Each structure stands twice: as C-alpha cells, then as structure tokens.
Amino acid sequence: MHLQTMMLGGVAIVVATGGPDGRPALTRGWGPQYDESKATLTLAVTAPAGSPTLANLEWNGAIAVTVSEPLTYRTVQMKGVVEHVEAPSEDTRARARQHLDRFVADVAQLGIAHGADRLFHGDLRSVSFVVEELYEQTPGQNAGRKLK
C-alpha cells in the first residue's frame, strides 16, 4: 500500500486523541503529507483553542488518524505520538483547502452534492507525528491487520 499516493486523493480523515479521563476527542484532518522515508505524517487538524483535541495533544500527544477513500472505502489507521503542534503556515492552509476540494469532488460522485464542505473549519493546527503503528481498516477479512 502506498500511503503517499493515497494521501493525494480526496480522503476522509478522522483524528482521534484521548484525555486524562480516557474520553476520546474526534476531529477532522486536512491536507495530509506522508513522508515514507521517515514514516512521518503531517496534516492540518481542526483544533481550536480550548478544544478537547488541542488539550489532549498538549497533555500526552497520543494520536490515531484514520484515512479512508470515500469511493472505495479503502482505509488505514495510523498511530503515534505527536512531535509538533503549531500554527499552520500559509502552505499548510493552502494544502488543506486543496484537499477539501478533492474530498468534496469525491463525495459528490457518491451523491453528496452539497454540504461536504461544512466539515472544514478554519481553526487549524499543523500536527506532525512518526507513524509507529499502521493498520489495515478496509472492511473485510484483513480489517485490523497490523501493517507496521
């Protein structure tokens, strides 16, 4: 599986973190960049100031990111500990918006012609982490199989 190629499409990205009480926080991710040589994922994460996601990232940095192709439902999950959380650069914001456009185009092919862009919120943080665990999550007999 070539994650770099997968990230170029209109993938749906769900970002999960956990707090000290064990309660999960879920949000969206945008504009992913996967560096295969370093096994590093960098993406824009919707995480406004005061949000549980941002608090969790500051607390322990544990993150799980699920990336799914809307047209095929090919899905992978990556886990790791965040190394950097920072304000997004203009390049990161542009990459996130380009990804949003690809996502909206892909889900339109599934009959969702309006509203998918409402999933995008501009209060983003740039997040980078080394992918320590990688799992196949495409529905079927291999779902849950560890890839890395």
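**A walk along the strands**

Start with β2 and β3: they pair in the antiparallel sense, joined by 5 bridges. Keep in mind as you click around that this is a predicted model. To see one of the pairings, select Q33 and look across to T42, its bridge partner in β3.

Now slide to the turn. β2 and β3 make a hairpin with 4 residues between them, and the one to pick here is A39, in the loop between β2 (24-35) and β3 (40-46). Phi of A39 is near 50°, a positive value in a residue other than glycine. Is A39 buried or exposed? A39 counts as buried because its relative accessibility is 10%, and the cut-off for buried is under 20%.

Next, select T46, still in strand β3. T46 is buried too, at a relative accessible area of 7%. Which residues does T46 touch, leaving out those up to four places away in sequence? Show T27, R28, W30, T53, H121, D123 and L124.

Head over to β1 (residues 12-18), which runs antiparallel to β2 with 5 bridges between the two. Pick A16 and you'll find L26 of β2 standing opposite. The hairpin of β1 and β2 has 5 residues between its strands, and G22 there takes a positive phi near 85°.

Last stop: Y73, in the loop between β4 (62-68) and β5 (75-86). Y73 is a residue other than glycine with a positive phi, this one near 60°. Colour by accessibility and Y73 comes out partly exposed, with a relative accessible area of 49%.

Methods:
Residues numbered from 1 in each chain as written. Predicted model: local features only at pLDDT ≥ 70, side-chain atom pairs only at ≥ 80, totals over all residues. Heavy atoms only, no water. Buried < 20%, exposed > 50% of the residue type's maximum accessible area, 1.4 Å probe, protein only. Contact = heavy atoms within 4.5 Å. Pairing = 2+ DSSP bridges.
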